[in-house]
Amino acid sequence: MNRTTLSLIAGTAALAAVTGFAVLNQPPAPYADPPKAAAELPVERTSLLCPAPSTSDLAETSYTSFTPVTKGTGSDGTAALAAAGEESADSTTDSETDKTDKGDKGEKDGKGDKKATSAKPVLTPKAPGTPATGDTSGGEAPALVGTAEGKFAPGWTVQETTEVAAGSGRGLQGVTCTPPDTEFWFPGASTAADRTDYVHLTNPDDSAAVADIELYGKDGALATTVGEGITVPAHSSEPILLSTLTDEKQDDLTVHVSVRSGRVGASVQALDDKLGGDWLAAATDPASSQVVPGIPKDATAVRLIAYAPGDADADLKIQLASPSGLITPAGHETLHIKAGMTAAVDLGDVTRGEAGSLILTPTDQSVPIVAAVRVLRGKGAQQESAFIPATAPVGTRASAADNSAKGSTLSLTAPQGAAKVKVTASAGSGGGTAASKTYTIKSGTTQDVELPVPSGLKGAYALTVEPLTTTPVYASRTLAATEEGVPGFTVQTLPADRGTVAVPEADEDVAVLQK
């Protein structure tokens, strides 16, 4: 029995002694008004953190900001995305939403590199419903900190996409800028000889944050001491090279970032000497069942990496949600994961030319796991890699920015039952009119849907996914661009944008005492 219960009993006894009457946890009378449902209201503030995109002098990075139109928002608001550690002298306000993208790209230094300055943010977000773009180049582009308030906040998303022409990690790298948090899981990292993986930690707050980085391989936790108590100064970003945390070389690792004080944004940049590179976004929280949506249909190799953080082993059933239904990959029906260890399995070209999503469920006992896949496209020396983490469902709504007329694929899967989904393609960053389509996703299937096309499209556009039924829907968006025969690509999942928050009625928290 805890102190609260003891205090309540003592207080009740005292009341009874004085008045001769007391009521403890008395249920409301039958005629009492039922509790009112919580109202869904738009969030009023959103923070996003974008990691430093690349150290390559050949890097070309674009940023695309988008806020979907949300009912119930006011007419006021501000938003800005600027370099970490710099105070922006400019932010979006109601009178500034008609600015063109060209005014948001920073200035060139003496070497010709465009860099963010304190006077000019990398981009200035536009009014809800219209994307805004900005860019940087070279290997000194900083991490970015963004804040949106008022009408710009609900569902705000920023996409960071980098093209690297040559060298380690060459190809297309993409990441959705993330809100700050206190815990992250990254199955799929590596300290192998041909990999250079960094954990990027970005602190948006006025005081320092302190974080621990733990590494788990095929035999359990890797020995490391320098991963404990890493300080990230206020308004700054720290890239941590994984190979400096341990002497062990392992192909498949799970990285666990836990924050002792403060908050950070965290992403893993995985660079391969031969297979290109991409960002590994955090997997969704540990759970007994996981969904990895939108594996490209032309994938030549798929590797599943999973970790069981608890004290019990996990046994998973592996299924592929194809366009025709759930199938079990031959020879890879199950995966055993020992407690506290990372397990991996090569699934080959599991999609075999069709859209697909991995569905992971327990064979018997429910044991929480985290999971992700590494995907290869192309053959021989012209291969490119990307990562897809297990993700949460779309929920009420989710958006993906930085789409173009060609090279964008939206994958939708409904593993638990049929679902109807509305997809809206926004106006372009340079003009156009939004368009929408509604799709039916059959139970246990994945569809690469034919996207609606905004009329008069100019520039980049955003996709907003809104399920119309209660069945959970999972989604991912693939960007693809082939350069000199190398099929560059990057995949971002679409978990719920958390654009609204449930606010209980004021009288719900007031106890009703019936005499």
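Q: Which residue forms a salt bridge with Glu149?
A: In this predicted model, Arg45 pairs with Glu149 in a salt bridge, and the closest N and O atoms are 2.4 Å apart. A salt bridge here is a side-chain nitrogen of Lys or Arg within 4 Å of a carboxyl oxygen of Asp or Glu.

Q: Where are Glu149 and Arg45 in the chain?
A: Glu149 belongs to strand E8 (residues 144-150) and Arg45 to strand E2 (residues 45-50), so the pair links distant parts of the chain, 104 residues apart. Strands (E, at least two residues) and helices (H or I, at least four) are DSSP runs, numbered from the N terminus.

Q: Is Arg45 buried or exposed?
A: Arg45 counts as exposed because its relative accessibility is 51%, while Glu149 is partly exposed at 31%. Buried means under 20% relative accessible area, exposed over 50%, and partly exposed in between (1.4 Å probe, protein chains only).

Q: What should I know about the numbering and the cut-offs?
A: Residues are numbered from 1 along each chain as its sequence is written. As the model is predicted, local features need pLDDT of at least 70 and side-chain atom pairs count only at pLDDT 80 or more, while totals for chains, interfaces and linings use all residues; side-chain values use heavy atoms, with hydrogens and water left out.

Q: How many salt bridges are found in the whole structure?
A: A search of the whole structure gives 11 salt bridges. One of them joins Asp252 and Arg303, with the closest N and O atoms 2.5 Å apart. Asp252 lies in the loop between strand E16 (236-241) and strand E17 (253-261), and Arg303 in strand E21 (residues 301-307), so the pair ties together parts that are 51 residues apart in sequence. Asp252 is buried, with a relative accessible area of 14%, whereas Arg303 is partly exposed at 24%.

Q: Which residues are linked with Asp252 in a network?
A: Asp252, Arg303 and Asp346 are linked in a network of salt bridges.

Q: Changing topic, how many residues does the largest nonpolar core have?
A: The largest nonpolar core has 29 residues, and those with the most contacts inside it include Leu304, Leu335 and Ile337. Strand E22 (residues 314-322) gives the largest share of this core, 4 residues. Such a core is a set of buried Ala, Val, Leu, Ile, Met, Phe, Trp, Tyr and Cys residues joined through side-chain atoms within 4.5 Å.

Q: What does Leu304 contact?
A: Leaving aside neighbours within four places in sequence, Leu304 is in contact with residues including Ile318, Leu335, Leu358 and Val373. Contact means heavy atoms within 4.5 Å.

Q: And how many aromatic pairs are there?
A: The whole structure has 3 aromatic pairs. The ring centres of Phe184 and Phe186 are 6.3 Å apart and their planes are at 15°, so this pair is stacked. Rings of Phe, Tyr and Trp (its six-membered ring) pair if their centres lie within 6.5 Å; planes under 30 degrees apart count as stacked, over 60 as edge-to-face and the rest as tilted.

Q: Are Phe184 and Phe186 buried or exposed?
A: Phe184 is buried, with a relative accessible area of 6%, and Phe186 is buried at 0%.

Q: Which residues do ring pairs link into a cluster?
A: Trp185, Tyr216 and Tyr307 are linked into a cluster by ring pairs.
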